[in-house]
Amino acid sequence: MTNRVRIAPSILSADFGRLADEVRAVEAAGADSVHIDVMDGRFVPNITIGPVVIEAVRRATTLPLDVHLMMVEPEKYIDDFVKAGASILTVHQEACPHLHRTLQQIRAAGAKPSVVLNPGTSLGTIDEVLGEVSQVLLMSVNPGFGGQAFIAATVDKVRRLRATLDGRGLQHVDIEVDGGINPTTAKLVVAAGANVLVAGNAVFKSADYRAAISALR
Ligand code: DX5
Ligand code: ZN
């Protein structure tokens, strides 16, 4: 990849009492997008936020909003999330029996379609939809919480996905990695072919957001 690595701070690790300020701070510090984790307490064992909070984030920044839906039946809420301001909408393969249709629904609603795999789900499960997406997100932790340790097997998964995309003329598809990203793991996944990195704790638990973001590039 000749493109510069893009950093998407995850607001899951932000101070929610000062959310708009936190979002403005990462924008000023050089973030490329804002990653928003939607959790429903069913697909993952945690509950976070929904469209009304995304609307508030939308008002605080001009950066693209990278919305990661960790929920069952995401197809029921796609229009709501796009209306709330999602620029990129990511759905889990594991939550979508009609994945192809759901990705088309996202594009028709006006957002960029993106698909995500849990660490335990193989790349073959998205082979048939690679031509439908702007981005593939590979989870490098089991989703649900910030601050977990990076799963090392993700590096080879990134490498295999990049080779598949290159082989099929899909170089434009972004590979995003989410979970346990720090300056060390960032280097590994970027060398393997990732070009978008989600970072929660590595940015929001740091004293200097600008330095933390630069250290990941
Ligand atoms: C985990 C979320 C992540 C999380 C990453 O389920 O999808 O986006 O915020 O947090 P860190 O970077 O701290 O692992
Ligand atoms: Zn996420």
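## Ground rules

Residues are numbered from 1 along each chain as its sequence is written, and chains are lettered from A and ligands numbered from 1 in the order in which they are written. Because the model is predicted, local features need pLDDT of at least 70 and side-chain atom pairs count only at pLDDT 80 or more, while totals for chains, interfaces and linings use all residues; side-chain values use heavy atoms, with hydrogens and water left out.

## The sheet

Let's start with the sheet. It is open, has 8 strands with parallel pairing, and reads E1-E8-E7-E6-E5-E4-E3-E2 from one side to the other. Strands here are DSSP runs of E with at least two residues, helices are runs of H or I with at least four, and both are numbered from the N terminus. Two strands pair if DSSP finds at least two bridges between them. At the edges sit strand E1 (6-9) and strand E2 (34-39), each pairing on one side only. Neighbouring strands are turned by 25° against each other on average, direction ignored. Angles like this one come from axes, lines fitted to C-alpha atoms (for helices over the stretch in contact), and run from 0 to 180 degrees between N-to-C directions.

Now for some of the pairings. E1 and E8 are parallel over 4 bridges, with Arg 6 opposite Val 196 in E8. On to strand E7 (residues 174-178): 2 bridges join E7 to E8, and Val 177 stands opposite Leu 197. Strand E3 (residues 65-70) and strand E4 (residues 88-92) also pair in the parallel sense, over 4 bridges, and Val 67 has Leu 89 in E4 as its bridge partner. Helix H4 (residues 99-109) lies across E4 and strand E5 (112-117), running at about 145° to E5.

## Strands with buried residues

How many residues of strand E6 (residues 135-139) are buried? It's 5 of the 5, so E6 is largely enclosed by the rest of the structure. Buried means under 20% relative accessible area, exposed means over 50%, and partly exposed is in between (1.4 Å probe, protein chains only). Gln 135, Leu 137 and Met 139 cover one side of E6, with Val 136 and Leu 138 on the other. Leu 138 is the bridge partner of Leu 117, while Leu 137 stands opposite Glu 176 in E7.

In a regular strand the side chains alternate between the two faces of the sheet. You can follow that in strand E8 (residues 196-199): Val 196 and Val 198 point one way, Leu 197 and Ala 199 the other, and all are buried.

## The nonpolar core

A nonpolar core is a set of buried Ala, Val, Leu, Ile, Met, Phe, Trp, Tyr and Cys residues joined through side-chain atoms within 4.5 Å. The largest one has 63 residues, and Ile 11, Ile 36, Val 67, Leu 89, Val 136 and Leu 197 touch the most other members. Apart from it lies another core of 5 residues, including Met 39 and Phe 43.

Take Leu 89 as an example. Leaving out residues up to four places away in sequence, its contacts include Val 67, Ile 78, Phe 81 and Ile 106. Contact means heavy atoms within 4.5 Å.

## The zinc site

Which residues hold the protein donors of the zinc ion (ligand 2)? They are His 35 (NE2), Asp 37 (OD), His 68 (ND1) and Asp 178 (OD), lying 2.1 to 2.3 Å from the zinc ion. Donors are N, O and S atoms within 2.8 Å of the metal (3.2 Å for Na, K and Ca), and since water is not among the atoms, sites may look incomplete. His 35 in strand E2 and His 68 in strand E3 are 33 residues apart, linking distant parts of the chain. Both His 35 and His 68 are buried.

## Two loop residues

Glu 75 lies in the loop between E3 and helix H3 (78-84) and is partly exposed at 28% relative accessibility. Glu 75 touches Thr 102 and Gln 105, not counting residues up to four places away in sequence. Thr 102 is 27 residues from Glu 75 in sequence, yet they are 5.9 Å apart in space, C-alpha to C-alpha.

Asp 208 is found in the loop between helix H7 (201-204) and helix H8 (209-216). With a relative accessible area of 41%, Asp 208 is partly exposed too.
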